[in-house]
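The following note reviews one protein chain for a colleague who is new to reading structures. Please keep the structure in view while going through the numbered points.

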Amino acid sequence: LFLLPQELQFLKYLRHANVTLSEYEFPEAKIAGIQAQLEALIAKNYYLNRSAKDAYRSYLLAYASHSLKQIYNVKSLDLIAVAKSFGFSNPPQVSINFGVKPGDREKRRGGGGGIG
């Protein structure tokens, strides 16, 4: 489980549920060394790019729909950092409607459905 600094409050919920936790630290130099290679691979392989874009979109949707809004606030996310974690140098353009309620969407025009 990887957590952003603002998500560390989630650990108290895990401890309350008696989940055993172990913390590991990774030297940043080892992690950062592959970022450029990952971005180049995602940029030139269509199928990896498409999969990464779908995963990025799913992550944002899941984050936005999490029940612990005080911890998982989608508006506080650093989208550039999140995009980098999926292998993008810049956030990809994805279609997401954060905070759109069903009544806020444009009303569909009535009609006969195109038949007869």
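1. Helices and strands are DSSP runs, numbered from the N terminus: a helix is a run of H or I of at least four residues, and a strand is a run of E of at least two. The model is a predicted one, in which local features need pLDDT of at least 70 and side-chain atom pairs count only at pLDDT 80 or more, while totals for chains, interfaces and linings use all residues. Residues are numbered from 1 along each chain as its sequence is written, and side-chain values use heavy atoms, with hydrogens and water left out.

2. The chain has 5 helices and 0 strands. Its pattern along the sequence is therefore written α-α-α-α-α.

3. A residue is called buried under 20% relative accessible area, exposed over 50%, and partly exposed in between, with a 1.4 Å probe and protein chains only. By this rule, 18% of the 116 residues of the chain are buried.

4. Contact means heavy atoms within 4.5 Å. Among the contacts in the chain with a separation of 6 or more, 64% are between residues 24 or more positions apart.

5. The largest pocket has a volume of about 1500 Å³. On a 1 Å grid over the protein atoms alone, a pocket is an open set of points where a 1.4 Å probe fits, with protein on both sides within 12 Å along at least five of seven lines; lining residues have an atom within 4 Å of a point. Points are joined across faces, edges and corners, and the volume is the space filled by probe spheres set on them.

6. Which residues lie nearest the centre of the largest pocket? They are L1, F2, L3, L4 and F26, from a lining of 34 residues. Helices α1, α2, α3 and α5 (79-85) each supply at least two lining residues, and α5 gives the largest share, 4 residues. The lining divides into 22 nonpolar, 5 polar and 7 charged residues. Here Ala, Val, Leu, Ile, Met, Phe, Trp, Tyr, Cys and Pro count as nonpolar, Asp, Glu, Lys and Arg as charged, and the others, Gly among them, as polar.

7. Helix α3 (residues 35-44) contains E39, and A36 also has its place in α3. Is each of them buried or exposed? E39 counts as buried because its relative accessible area is 16%, whereas A36 counts as exposed because its value is 56%. Leaving aside neighbours within four places in sequence, E39 is in contact with K84, G87, F88 and S89. The C-alpha atoms of A36 and G87 are separated by 8.5 Å, although these residues are 51 residues apart along the chain.

8. L14 is found in helix α1 and is buried, at 16% relative accessibility. Beyond its neighbours within four places in sequence, L14 is in contact with L1, V19 and L21.

9. N18 is found in the loop between α1 (10-16) and α2 (28-32). Its phi is near 60°, a positive value in a residue other than glycine. Most residues other than glycine have a negative phi. N18 counts as exposed, because its relative accessibility is 69%.
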